[in-house]
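Subject: A structure for you to look at

Hello,

Here is the structure I promised to pass on. Please have a look at it first, and then read my notes below.

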Amino acid sequence: EMKMAIGSDHAGFQTKEKIKEILKKQHVDVMDLGTANEESVDYPDYAEKVALAVAGVLLYREEMAGPA
């Protein structure tokens, strides 16, 4: 099963919600890291959450695979 982390600021909220629904219809496990509405927020806060989530998955996979 594919997993994907997504996030946006307030300006991208509606687009994020549409993308999330498309991904769910394709059976992608979506980790929505915000924002949860159209109230004004700072984009870097949500970009950091997505980046850290993706980095954590990559590190986990690298550890499971062992040294190259």
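Which pattern does the protein follow when read along the sequence? The answer is β-α-β-α, and the secondary structure comes to 2 helices and 2 strands. Helices (H or I, at least four residues) and strands (E, at least two) are DSSP runs, numbered from the N terminus.

A word on the source. This is a predicted model, in which local features need pLDDT of at least 70 and side-chain atom pairs count only at pLDDT 80 or more, while totals for chains, interfaces and linings use all residues. Residues are numbered from 1 along each chain as its sequence is written, and side-chain values use heavy atoms, with hydrogens and water left out.

The predictor's confidence in each residue is its pLDDT, from 0 to 100. The protein averages 89, and 84% of the residues score at least 70. Confidence is highest in H1, at a mean of 97, and lowest in helix H2 (residues 43–65), at 80.

Now to the strands. S1 (residues 3–6) and S2 (residues 29–32) run parallel and are joined by 4 bridges; strands pair if DSSP finds at least two bridges between them. Lysine 3 has aspartate 29 as its bridge partner in S2. From S1 the chain crosses through helix H1 (residues 13–25) to S2, in a right-handed β-α-β crossover: with the strands pointing away from the viewer, the path from the first strand over the helix to the second runs clockwise.

Helix H1 has a buried face. Phe13, Lys16, Lys20 and Leu23 are buried there, where buried means under 20% relative accessible area, exposed over 50% and partly exposed in between (1.4 Å probe, protein chains only). Seen down the axis of H1, the buried residues fall within an arc of 85°, so they line one face of the helix; the arc is that of the directions from the helix axis to the C-beta atoms. They pack against S1 and S2, whereas Lys18 and Lys25, on the other side of H1, are exposed. Just after H1, histidine 27 takes a positive phi of about 65°.

Do look at lysine 16, which sits in H1. Its relative accessible area is 4%. Leaving aside residues up to four places away in sequence, lysine 16 touches Ile6, Gly7, Ser8, Asp32, Gly34 and Thr35, a contact being heavy atoms within 4.5 Å.

Of the protein's 68 residues, 25% count as buried.

Best wishes
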